[in-house]
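Here is a short briefing to read alongside the structure. Keep the 3D view open and follow the topics in turn.

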Amino acid sequence: MSDKAKMKIGIYWAASCGGCDVVTTHINEKILDLIEVADIVFWPCAMDFKYDDLRQMADGEMDVCLFNGAIRNSDHEELAELIRKKSKVLIAFGSCACFGGIPGLSNVTTAEESIRRAYLEEPTTLNPEKVLPRLEVRAPEGDLTLPRIWDTVHTLKQVVDVDYFVPGCPPTAELTGSAVDAIISGKLPPAGSVIAGNKALCDECDKVKKNEMRMIEFKAPWETEIDPEQCLMEQGIVCSGPATRSGCGAQCTKVNMPCRGCFGPPDGVEDQGAALLGAIASVVSPPAGKSIDDVFSGLRDPLGLFYRFSLADSMLRRTKISK
Amino acid sequence: MNKITIDPVTRLEGHGKIDIFLNDGGEVENAYFQVPEFRGFERFCEGRPAGELNRITPRICGVCPWAHHMASTKCLDDLYKVEPPPTAKKLREMAYSIYSFYDKIINFYFLAAPDFVVGSDAPAAERNIVGLINRVGVEIGKKVIATYKDSQKLLELLGGRTIHPVWGLPGGVSKGITDEQRKEIAEKCREYVDFAQYSIGIFHDLVLAEKKHVDVIVGDVYNMKSYYMGLVDEDNKVNFYDGHIRVVDPDGKEFARFHPRDYMDHIEEIVLPWTYLKFPYLKKVGWKGIVDGKESGLYRVAPLGRLNASDGMATPLAQKEHDRMYDTLGGKPAHHTLAFHWARLVELLYSAERALELAEDAETSGACIRNVPENTPSEGVGVVEAPRGTLFHHFWTDENGIVRKVNLIVATGNNYGAMCYSIKRAASKLIKDGKPGPELLNMVEMAFRAYDPCLACATHTLPGHTPLIVTIRDSKGEALEVVER
Ligand code: SF4
Ligand code: SF4
């Protein structure tokens, strides 16, 4: 195939843990197929490239860009806008880009509070003069700058238009492979699609429902014996399966751990946490002498449980900042 | 003063920015390596049930998720004062060894080897995995990919997920393996031992056989006399999963040996205003700034740090390669920063051998994989050797196990001071007339890549990987040159 016909692909990270970049290498032998038909023209985590090269690209010059990570500072936002301009197709890759992901949990606090906590209150940090990182520092030799951290973590689609969503924290290697196949073959689904399953995870989970779906108390997986055959929810262990999109292959429940919802809500569900709460409320059945409230009072940290990956994308989005 | 900015330092799992200030004579006055990301994990772990943290902390870093998962899981053992049964311990260490093997494949073949094998003076577009495959041949490339894939599948089988495992519980793991599976894993591990030896062979043939490379490794540019730290077993051999923390001084004499629970007596961190990453140092030596030597509290961790801080390797083939390395480098401790790459390969071999030992042990497929905690939680510490150094997790909870406070000292963070020192030293030795060529800058980056720094980890404080910018500024602070990589 001549170079002229080769596709141009980019991979970028914003506020990301790097897991989404690493999983891109888990397509393994497909890497060779990919580089046969496409040039990776921009992948700061794995290849030497200059941001200037990106700036100098024509608009729409990249055929596809996989964008992972959430948007947490002005640098991320700027790059997201630039990449949007340079890409024909922009894919939000991974739960952080799709829903804010785990870092979205910091939407319950402010940047200032997080900074105070990390630099002033950690027990091994010696800081009698209360030094904090500053946006501009006049060092003896010259000035140094740092970017400002926002209070609120944003999803990619909250700052630019997104064409496709590949959920997962990170997406599985199989799903990443299918996304790459779709890109290579040009057989992308209708714009706006989520590239994953479209049912609830329970659909692909092989734990057996014995139809004893009556939660009489909540149990944490580390506090109780777990029956490896039976549906975890039936055992009193909160599992996000009913409110989570399928497509991961039920990786967590396969090793007897409950789903925490990294694939986000299934088709037709707006707010994953609310949906999960609804699913649980419908099966809670308080034992004699106890009320529904009694049972729910045993549920620790509902916000962190129901919105583990999707707080930034939820109707709550963040807690109020009191100033 | 002249300032050189390198942006971005690519092929690093993270985000960094280097500023090099020159004086009127065009010589390096100072160099700053900034980490411009902050994430706030400490804060948002608060209020969560501690039992969930080993599924949250891995998101600090998708490169070292198993290290965070294990450190948090061990921290939960300590928090709930529950001892995992022997089978669970062996399973955890076996999985962790396989993870360590897998991680080192990424480092060697995807990140480090391109510099050596393709050549640090090769054009930027070729210094990557594709260039490497072109150089060593597609057949070998396929072998690398097949082994890499295999190890991913084993990690998924054991931990549920390769990246961000979910398997650890206080007192054990959520699923065991059958005898059959154990034997299959052992079969794979035998192949890993071969593969590790093969990789070491590549390093010897392509790197060590060339005098110019060896000269760079043992030369003066990449050298730092520092303390070294690592986890060791009862014989002072390197261990990734468990043991005591040992620190040796720049002469290789034991300076401290302590239980992980006592880490606060030995490590302290300082905040400098120009970066989001804190600088850890040895409390009993003190912070003297970014300087080397016995008077400076800076210490180094990760492969070279671990090997220097130990009396050797617990497996035979790795021990042999360990001896060969120190013979070439002129004894222990070795202060040569680029020897981190070699030490990492010694550890690649150790990981494979250790995983094999555990996979051959019938107890690893035992039935008892868990003790359910019964004690009331209050405080726990968990330490493992992450690929990039000693990793500390420390949780405090209320009696319901809700987290009140978390302290994290992450692997790469331990090396921060040393990285800053190494960058400045390399820059000073390489930039003489204020005009650095592109390969020169690449050589400054090599100082920093030797540590395989994982800045996602280091800034466990706000996810974000940023590559690096080096700015060269003149004596008036004007940017002379901004180099983006
Ligand atoms: S989605 Fe998960 S794996 Fe991907 S960057 Fe976010 S935390 Fe990391
Ligand atoms: S609730 Fe969880 S364990 Fe039960 S079927 Fe659904 S995904 Fe499986």
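This is a predicted model. In it, chain B is divided into two stretches of assignment: domain 1 covers 4-37 + 415-484, and domain 2 covers 224-335.

**Domains of chain B**
- Domain 1 of chain B puts 18 residues in contact with 15 residues of domain 2 of chain B.
- On the domain 1 side, two or more residues each come from strand E3 (28-34) and helix H13 (416-430) of chain B.
- H13(B) provides the largest share of that side, with 7 residues.
- By class, the domain 1 side that touches domain 2 of chain B holds 9 nonpolar, 6 polar and 3 charged residues.

**A buried helix in chain B**
- The buried residues of H9(B) include Leu304(B), Leu307(B), Arg306(B) and Asn308(B).

**Two helices that pack in chain B**
- Which angle do helix H10 (residues 316-329) and helix H11 (residues 339-359) of chain B make as they pack? The angle is about 165 degrees, and the axes are 8 Å apart.
- Angles over 145 degrees count as roughly antiparallel, so H10(B) is roughly antiparallel to H11(B).
- The crossing of H10(B) and H11(B) is left-handed.
- From H10(B), the residues that meet H11(B) are Leu317(B), Ala318(B), Glu321(B), His322(B), Met325(B) and Leu329(B).
- From H11(B), the partners are Ala339(B), Trp342(B), Ala343(B), Val346(B), Leu349(B), Tyr350(B) and Glu353(B).
- The residues of this contact divide into 10 nonpolar, 1 polar and 2 charged.
- Residues three or four places apart in an α-helix point the same way, because there are 3.6 residues a turn.

**Where chain A meets chain B**
- 80 residues of chain A are in contact with 81 residues of chain B.
- Elements of chain A that each supply at least two residues to this side include helix H1 (19-25), helix H2 (30-37), strand E6 (136-139) and strand E7 (142-145).
- Helix H6 (111-120) of chain A is also among them, and H6(A) gives the most, with 6 residues.
- The side of chain A that touches chain B has 45 nonpolar, 18 polar and 17 charged residues.

**Domains of chain A**
- Chain A is assigned domain 1 (3-102 + 153-185), domain 2 (110-149) and domain 3 (198-323).
- Taken over C-alpha atoms, the centres of domain 1 and domain 2 of chain A are 31 Å apart.

Note on methods
Residues are numbered from 1 along each chain as its sequence is written. Chains are lettered from A and ligands numbered from 1 in the order in which they are written. This is a predicted model: local features need pLDDT of at least 70, side-chain atom pairs count only at pLDDT 80 or more; totals for chains, interfaces and linings use all residues. Axes are lines fitted to C-alpha atoms, for helices over the stretch in contact, and angles run from 0 to 180 degrees between N-to-C directions. Helices (H or I, at least four residues) and strands (E, at least two) are DSSP runs, numbered from the N terminus. Angles under 35 degrees count as roughly parallel, over 145 as roughly antiparallel, 65 to 115 as roughly perpendicular and the rest as oblique. A crossing is left-handed if the near helix is turned anticlockwise from the far one by less than a right angle, and right-handed if clockwise. Two residues are in contact if their C-beta atoms, placed from the backbone, lie within 7 Å. Ala, Val, Leu, Ile, Met, Phe, Trp, Tyr, Cys and Pro count as nonpolar, Asp, Glu, Lys and Arg as charged, and the others, Gly among them, as polar. Domain bounds come from an automatic or database domain assignment. A residue is buried if 20 or more other C-beta atoms lie within 10 Å of its own, exposed if 12 or fewer, and partly exposed in between; C-beta atoms are placed from the backbone.
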